[in-house]
Amino acid sequence: MARLVVVSNRVAMPRERLSRAGGLAVALREALQSQGGLWFGWSGEVNEQATAPDRLAPRHARQGRVEYAVLDLTPEEHRQFYLEFANATLWPLCHYRLGLINFNRASWEGYLAVNARFAEQLVPLLRPDDVIWIHDYHFIPLAAELRRRGVQNRIGFFLHIPFPAPEVLAALPGHERLVRDLCAYDLIGFQTIGDVRALSEYILHEAGGTVSGDLDGADGHITAYGRSLRIGAFPIGIDTEEFVRMAVAGAGSAETRRLTESLVGRSLVIGVDRLDYSKGIPQRFEAFHHLLGARPEHRGKVTFMQIAPISRGEVAQYRKLRNELDGLTGRINGKFAEFDWVPVRYLNKAFSRETLAGFYRHARVGFVTPLRDGMNLVAKEYVASQDPDDPGVLVLSRFAGAAREMQGALIVNPYDSEALAEALDRALTMPRDERRSRWESMMAVLRANTITHWRERFLSQLRA
Ligand code: ADQ
């Protein structure tokens, strides 16, 4: 079988512990191991000494059948490509937050230049029959840069975050170039049919291209800019059985026991996210505030625990969110806490996946309220971690990609804090039979669409 080449912004190097790296890294590494391959991307390092990018050669490692090649960024590349264009322009754009976009031409040029440099340094490592799989918004132009350098291999792209509607995308100066470059791929995979439709609309109405085939069946065809390619929805999954196993093990861990003891019989509502404004965390806090105000019977009986490690701390919008949440925590606890009960526990730290699984299993409610999310794996992990006999309830935003599959959840509008509070009340008082039947329907989906299925579906489509 032809070699697989994976390109992603962060590469999980051989020595990195995968318990921290997460399900996606494990799935990609498995695919590379089984057929042999190369994993290429940013090392995660900024080389302070390097001012000229062309002097930064890739660093190589090898483990089993997998080769790794990673590149450092110069301080300027890191700022323009990563902090500014990827995370302060594309990220808010794709999450429908036009008001948060920070666009400047220098960072756009920097983004294109890093993609060109990565292409330049990847080309000599490629073999003619390699199948190339590029991940996420950092590398949209990479295939086009490879094509400019004569690469004719199959190249697939998977976007982990939402693809915005054309009216939103058109707010980005340079959107034409971005979509034209996107069409250099042979297959584009999105999380949901909504994202597929958004690109199709753009192709039809902005690019003057054509769209045909079965969009719902993940077999769409587009022609535009002199190229023809396939598009489809490939909703990402989790390693469901591994989560079931971890949740059982995690539930018996010292941490989960300490958590359970500290709750002294109170119900737990849990939120777990990177600290990101797309996740709707302030709305969640407001909803809990509403619940305690409108439903006094829950006071002293429910604890809300939000786990949110700091992410992208160098970007201004993220610092602002942090201040907002610090304020909300203080306000809610100041108003409702008793000498023996604190309503909100807010933690800026990460936990191992096993500990999280144990916490999820103990939580009566999984509270997942993003304002926009490509998929949201926490929602799936929460469901997989439940005790089949006495499962908790998932309260899930309609704007998470996961809402299309997790129909057994209480689906909510995260902008409506009062409705969120009502959903929390309903979840906290839901009879066991209803919890079970909802959980079983979601678990069936998680067993049918694991992360391994996702990877294999995408790769077989790319090879076909
Ligand atoms: P993210 O925005 O990072 O991913 P998500 O899908 O929720 O969002 O994945 C987060 C992962 O990190 C989960 O596996 C979760 O368990 C883990 N995690 C979160 N908080 C943690 C904590 N405090 N400690 C330890 N682990 C934690 C992007 C897109 C999503 C899409 C994924 C995968 O934004 O929409 O689902 O990629 O495609």
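Trainee: Is Arg227 buried, exposed or partly exposed?

Mentor: Arg227 counts as partly exposed, at 25% relative accessibility. Here are the cut-offs: buried means under 20% relative accessible area, exposed means over 50%, and partly exposed lies in between (1.4 Å probe, protein chains only). One caution: this is a predicted model, where local features need pLDDT of at least 70 and side-chain atom pairs count only at pLDDT 80 or more, while totals for chains, interfaces and linings use all residues. Residues are numbered from 1 along each chain as its sequence is written, and side-chain values use heavy atoms, with hydrogens and water left out.

Trainee: How do I read a salt bridge?

Mentor: Side chains of opposite charge can pair when their charged atoms come close. The cut-off is a side-chain nitrogen of Lys or Arg within 4 Å of a carboxyl oxygen of Asp or Glu.

Trainee: How many salt bridges does the structure hold?

Mentor: It holds 32. Take Asp186, which is buried at 18% relative accessible area. Its side chain meets that of Arg227 in a salt bridge, 3.2 Å from N to O. Arg227 lies in strand β10 (residues 227–233) and Asp186 in the loop between α7 (175–182) and β7 (187–190), so the pair ties together parts that are 41 residues apart in sequence. The labels come from DSSP runs, numbered from the N terminus: helices are H or I with at least four residues, strands are E with at least two.

Trainee: Which residue forms a salt bridge with Asp276?

Mentor: Arg274 does, with the closest N and O atoms 3.2 Å apart. Asp276 is buried, at 0% relative accessibility. Arg274 is partly exposed, at 31%. Elsewhere, salt bridges that share partners join Glu120, Glu145, Arg148, Arg149, Arg177 and Asp181 into one network. One link pairs Glu145 with Arg149, at 2.9 Å from N to O. Glu145 is buried, with a relative accessible area of 7%, and Arg149 is partly exposed, at 30%.

Trainee: Where is Cys183 found?

Mentor: Look in the loop between α7 and β7. Cys183 counts as buried, at 1% relative accessibility.

Trainee: Which residues is Cys183 in contact with, leaving aside its neighbours within four places in sequence?

Mentor: Contact means heavy atoms within 4.5 Å. On that basis, Cys183 touches Ile203, Ala224, Tyr225, Arg227 and Leu229. So you meet Arg227 again, as a contact of Cys183 and, at 25% relative accessibility, as a partly exposed residue.
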